Amino acid sequence: MTQSDRKGSDDGFFEELDTVVFGVGFAIAVAAVVAFVVTPEAATAYMDRVNSVIWTGFGWWYLLVMFFLVAFVIFLIFGPWGNIKLGEEDEEPEFAFPSYFAMLYSAGIAAGIVFWGPAEAVSHYDDVSPFVGAQSQSSEAAVSAIQYTFFHWGVSAWTAYVVVALPIAYCAYRYDAPMRISTVLAPWIGIDNLDSPIAKAVDILAVFATIGGVATTLGLVGSQFLVGLEWTMGISVGDLGTVLIITGMTVAFTASVALGVEKGIRRISYVNLSLFATLTLVTFLLGPTNYITAIGTEALGTYISQFIPMSFYTGTAETGSGGVSDWVGDWTIFYWAWWFSWTPFVGLFIARISRGRTVRQVAVTGVLASTGITIPWFATMGGTAIYLQDDGQADVLSAIQTYNEAGAGYPLFEALPLGGLLTALFLLLVLLFLITSADSSTLALGMLTTGGTQRPSTTNRVIWGFLIGALASLLIVTGGVDALQAAAIITGGPFSLITLVAVASMALAFGTQRSLFLRDEDDVEVPSSSAVASSGSESGPETDDDYSNN
């Protein structure tokens, strides 16, 4: 039975598996779940220790790698490699730009932007970054708070996705390489050797990173949904209820989507973006519009002018021990690791939908255009939260202290005109993102553990839905947001190595196509890398449009 014949069929579960990658990934997830069930305190303490060692001892690594990736993507945008086509030279893009951008943004945004939008800036306003050195809840702290949300969710957040997507798309659409993470090795080891132990190791590392990334995302948005139930309806479910609801909803959403309602989930994704845009616009108009515009403009300017020093700031002087400061570890290092942990899935997704586009088009859309959409949301939500907190109209900080960051959005929207309606719409947005996060997360793990099957069996996805839902809910119960952040840092860091491999692969593959110093318009005929063009490769990736359901 071919991969294409059995895709999406429930009875193809065993036939489709990459037994090594699935087995190791399954064992890791089960071990984590069992540890948090049997010895939750010991498991949490151990994870905290590992997390502390990583970000205090190796925080500099996350910062250096991310800045290097940003610099490399800037080179791709303006350099001669930007005109290289991901496919045949005369091939047109598979998707029109509006659809392409909507799918790319929906995949990369996950639910984090909804969770942190109302919470992050006001948190920085109260607990100011030592990089700024301003007094807590001062006007300088307010500007720097918005500035840092732009930094954490701007160009750096999207760069790693594009870097991994490009070599996979290039090898897949030029040389029929399989659509999986280990394809980044093709320019070095050849397509024929993508089932070798080193390739398996890369795919296993991708599964490890994805487990932490999706557990973090599902945990954050799940906790936000449960806080919303308690805030709006007075429903408190307790620890057992948290585990049952988040795990059950993840499995239910996964099963319903995998059983054949891909078009429905795609429509939900479009509703997500529409509701997201509506909340941004309505909050901007009903909230402190002038304040949002003024502080957003100033913060954007400081973000641009101070991007380089912020990218290298570790806060060592504040620690007294030579390590990364607590503030940098809790925020910047966490975010960079979270983006690395989501890179396997989002990179694969961007590669899948980028056929027929140029390197420059993917880089501009995936980094600059996506950042351009994200900044207004954080300026609006962050500016409104700070204004309402400072003016005494809403105590957002008190909600964060009571419920953690998951509670920030509800007092914010209640304080605005039409507050009841806006709060209900915000809770609906959280629920919709929980659905699409469950769908995209289990689809990613299904793909990664079946050698690139773009529609894994329902059995496969339900297994991952149960394990990741259980892990996410247990992390909430045992350690809350801190535990989720630790999970992302621990699992995302190792995958940063693969992003550097992806850069090296592009240098090898693209360098044979276009000289580094030629002008964009120069047309050269240089033979492609013999490794990339290895004969006898696997059949090309499937072209199922239903994959674009996120």
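Trp-116 is buried, with a relative accessible area of 0%, where buried means under 20% relative accessible area, exposed means over 50%, and partly exposed covers what lies in between, with a 1.4 Å probe and protein chains only. Tyr-335 also counts as buried, at 0% relative accessibility. This is a predicted model, in which local features need pLDDT of at least 70 and side-chain atom pairs count only at pLDDT 80 or more, while totals for chains, interfaces and linings use all residues. Residues are numbered from 1 along each chain as its sequence is written, and side-chain values use heavy atoms, with hydrogens and water left out.

## Aromatic pairs

The structure holds 46 aromatic pairs, counted when rings of Phe, Tyr and Trp (its six-membered ring) have their centres within 6.5 Å, with planes under 30 degrees apart called stacked, over 60 edge-to-face and the rest tilted. The rings of Trp-116 and Tyr-335 are one of these pairs, and because their centres are 6.1 Å apart and their planes stand at 75°, the pair is edge-to-face. Trp-116 belongs to helix α6 (residues 112–116) and Tyr-335 to helix α17, so this pair ties together parts that are 219 residues apart in sequence. Helices here are DSSP runs of H or I with at least four residues, strands are runs of E with at least two, and both are numbered from the N terminus.

How are the rings of Phe-413 and Phe-426 arranged? Their centres lie 4.9 Å apart and their planes make an angle of 35°, so the pair is tilted. Phe-413 sits in helix α20 and Phe-426 in helix α21, 13 residues apart, and the pair links distant parts of the chain. Both Phe-413 and Phe-426 are buried.

## Salt bridges

A salt bridge is taken as a side-chain nitrogen of Lys or Arg within 4 Å of a carboxyl oxygen of Asp or Glu, and by this rule the count comes to six.

| Salt bridge | Distance, N to O |
|---|---|
| Arg-174 and Glu-89 | 2.7 Å |
| Arg-355 and Glu-91 | 2.6 Å |
| Glu-94 and Arg-352 | 3.2 Å |

In the bridge between Arg-174 and Glu-89, Arg-174 lies in helix α9 (residues 155–175) and Glu-89 in the loop between α4 (40–78) and α5 (97–109), which places the partners 85 residues apart. Arg-174 counts as buried at 16% relative accessibility, whereas Glu-89 counts as exposed at 53%.

For the bridge between Arg-355 and Glu-91, the partners are 264 residues apart, with Arg-355 in the loop between α17 and α18 (359–391) and Glu-91 in the loop between α4 and α5. Arg-355 is partly exposed, with a relative accessible area of 24%, and Glu-91 is buried, with 19%.

The bridge between Glu-94 and Arg-352 joins the loop between α4 and α5, where Glu-94 lies, to helix α17, which holds Arg-352, across 258 residues. Glu-94 counts as partly exposed at 30% relative accessibility, while Arg-352 is buried at 2%.

## Surface patches

Patches are made of residues with over 30% relative accessible area and no salt bridge, like charges being joined within 9 Å and nonpolar side chains (Val, Leu, Ile, Met, Phe, Trp, Tyr) within 5 Å. Val-53, Phe-58, Trp-60, Leu-64, Ile-308 and Phe-312 make a nonpolar surface patch of about 580 Å², an area that comes from the Shrake-Rupley method with a 1.4 Å probe. Helix α4 gives the most to this patch, with four residues, and Ile-308 is found in helix α15.

A negative surface patch is formed by Asp-48, Asp-126, Asp-127, Asp-326, Asp-330 and Asp-482; Asp and Glu count as negative, Lys and Arg as positive, and His and the chain ends are not counted. The place of each charge is taken as NZ of Lys, CZ of Arg, CG of Asp or CD of Glu. Asp-330 lies in helix α17 (residues 326–353) and is partly exposed, with a relative accessible area of 38%.

## Positive phi values

Most residues other than glycine have a negative phi. Asn-404, although not a glycine, has a positive phi of about 70°, and it lies in the loop between α19 (396–403) and α20 (409–414). Leu-418 has a positive phi near 60° and lies in the loop between α20 and α21 (419–448). Asn-404 is partly exposed, with a relative accessible area of 26%, whereas Leu-418 counts as exposed at 58%.
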